[in-house]
Amino acid sequence: MEIHGNASTLWPTPPTETRRRIVLFPMPFQGHITPMLQLANILHVQGFKITIIHTEYNSPNHSNHPHFTFKSISDRFSEITTADLDASYCFKYLNKTCVDPFRNCLAELLEDYSDEEPVSCIITDAGFYFTQAVADALKIPRLVLETSSLGCTVASDILLSLSENPSFTLPKEGDHETLAVEFPPLKVKDVRKGTRDPKGMGELVINMHTQMKASSGIIWNTFIELEEYALETIFQDYQIPSFTLGPFHKYFPASSSSLIEQDRTILSWLDTQAPKSVLYVSFGSVARITELEFQEVAHGLANTSLPFLWVVRPGIVSGSKWLELLPEKFLERVGDKGRVVKWSPQQEVLAHPATGCFWTHNGWNSTLESICEGVPMVCSPCFVDQPVIARYVCNVWKIGVFLEDGFERGGIETAIKRVMMDEEGQEISKRIGRLKEKMNISLEKGGSSHESLKSLVDYILSL
Ligand code: UDX
């Protein structure tokens, strides 16, 4: 298995084989499976035996992880059509359908492993809030993996308390571009959106955060130097141990957890491009855009005349197969300057010297991966945590430009050129380069993430 960097400086000395087992349970979506499997690998190198319980839906490929034991449970996901369902519905559905299968599977495992390799704890995705009650009933400690940022957790708690406060009134429409007094990384318009709750997201967040507080600890895929200000609030509000040992993918590559086959042919095309000349475009594994937005993206890309690599995930526009909605003669117009693929080896693309900018939806994994390679961003957040992450990127860390007016070809061209051609882009590049250095230091011996991993291992061994 490949390990980035010099392994001896990245890893705390592993304890001798612990013969202790950890059972992990990821949410079945790419942005959640990837960090959970990375965490499992990190803990495996630290001497723990690993069992992954997973749903049938989006099952990880077992053969990519021969050193883990896998147990599949029924989820009844096939009974719903996911095409038009939102994240909060899917999360709540799985929190109902998985209860019995998960409890039965875990009880069996605890029984099976009780003598030889006792289970120290379970680690479940924060989205699987039902697992706390199961862990309590079976008397096994539960740690939580929160796959988003510390800042997002703080922001969602604040937005929730505002929406539940009867004396809170939504700010006036005209003020929407000013920073919100309640939480200044956000603009007034973000608070306006975030305190409306048309899809029951609030109920989901309450359940997740209540059960996080009841758990034995939270593991974050972040590093302290990036989010120090939020960590203090988390300590105060959650009052349980927090471990910030990220970014996980710097310990292991993520390709082995990809649910979709990655098109690696584009790496040789990148080799032919000038340093920092290529714009990489991807909106992650779940976001959808409209047909009109898709066409505006295409026009915006063509109008910049810059080389680009665009990930068009089949189905990103509801009902579309793949490229049939592109504007007429688009591929002929861009010629060899533009490449379109279904799915890319994203971490390698971002690490490639030819990549100069990432137009992203700001999923937390994509954002961290961009920071780790020092690639400035153009931000088009879609939903859930992404709008808050994008505000941090643009207003707090100042390492990207926010596409405020959505997908419109003129605004797209301007934003990309600001990052890739203007002096402003050079400043952004310097700032993200400094963050990348801090991240590297955090992973070295004595660094914050390195120390946090040691604390996590000691903590699990003490349970
Ligand atoms: C989801 C949510 O949307 C996100 O907001 C949340 O923080 C995590 O779960 P997703 O939308 O898929 O995830 O985005 P992201 O978190 O960025 O994860 C996408 C992963 O897929 C990344 O690890 C990225 O490297 C990988 N990827 C993406 C590829 O391997 N190839 C691609 O072409 C695109």
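Is Glu-111 buried or exposed? Here are some friendly notes on that point and a few others.

1. Ground rules. This is a predicted model, in which local features need pLDDT of at least 70 and side-chain atom pairs count only at pLDDT 80 or more, while totals for chains, interfaces and linings use all residues. Residues are numbered from 1 along each chain as its sequence is written, and side-chain values use heavy atoms, with hydrogens and water left out.

2. Glu-111. This residue counts as exposed because its relative accessibility is 59%; buried means under 20% relative accessible area, exposed over 50%, and partly exposed in between (1.4 Å probe, protein chains only). Glu-111 lies in helix 4, residues 99-113. Helices (H or I, at least four residues) and strands (E, at least two) are DSSP runs, numbered from the N terminus.

3. Strand 4. Moving on to residues 119-125, strand 4 is mostly covered, with seven of its seven residues buried. Strand 4 runs parallel to strand 1 (residues 21-25), and five bridges join the two. Strand 4 also runs parallel to strand 5 (residues 142-146), here with four bridges. Strands pair if DSSP finds at least two bridges between them. Ile-123 of strand 4 stands opposite Leu-24, and its bridge partner in strand 5 is Leu-143.

4. Glu-404 and Lys-189. The whole structure holds 18 salt bridges, each a side-chain nitrogen of Lys or Arg within 4 Å of a carboxyl oxygen of Asp or Glu. In one of them, the side chains of Glu-404 and Lys-189 meet at 2.7 Å, N to O. This pair links distant parts of the chain, 215 residues apart: Glu-404 is in the loop between strand 13 (400-402) and helix 16 (409-420), and Lys-189 is in helix 7 (residues 188-194). Glu-404 is partly exposed because its relative accessible area is 29%, whereas Lys-189 is buried because its value is 19%. Both belong to a network of salt bridges that also includes Glu-177, Lys-187, Asp-190 and Arg-391.

5. Glu-348 and Arg-264. The closest N and O atoms of this salt bridge are 2.7 Å apart. Here too distant parts of the chain are linked, 84 residues apart, with Glu-348 in helix 13 (residues 346-351) and Arg-264 in the loop between strand 7 (242-244) and helix 10 (266-271). Glu-348 counts as partly exposed because its relative accessibility is 33%, and Arg-264 is partly exposed because its relative accessible area is 44%.

6. Asp-336 and Arg-339. These two form a salt bridge whose closest N and O atoms are 2.6 Å apart. Asp-336 counts as partly exposed, at 48% relative accessibility, and Arg-339 is partly exposed, with a relative accessible area of 30%.

7. Cys-382. This residue sits in the loop between strand 12 (377-379) and helix 15 (386-396). Cys-382 counts as partly exposed because its relative accessibility is 28%. Its C-alpha atom is separated by 15 Å from that of Arg-196, 186 residues apart along the chain.
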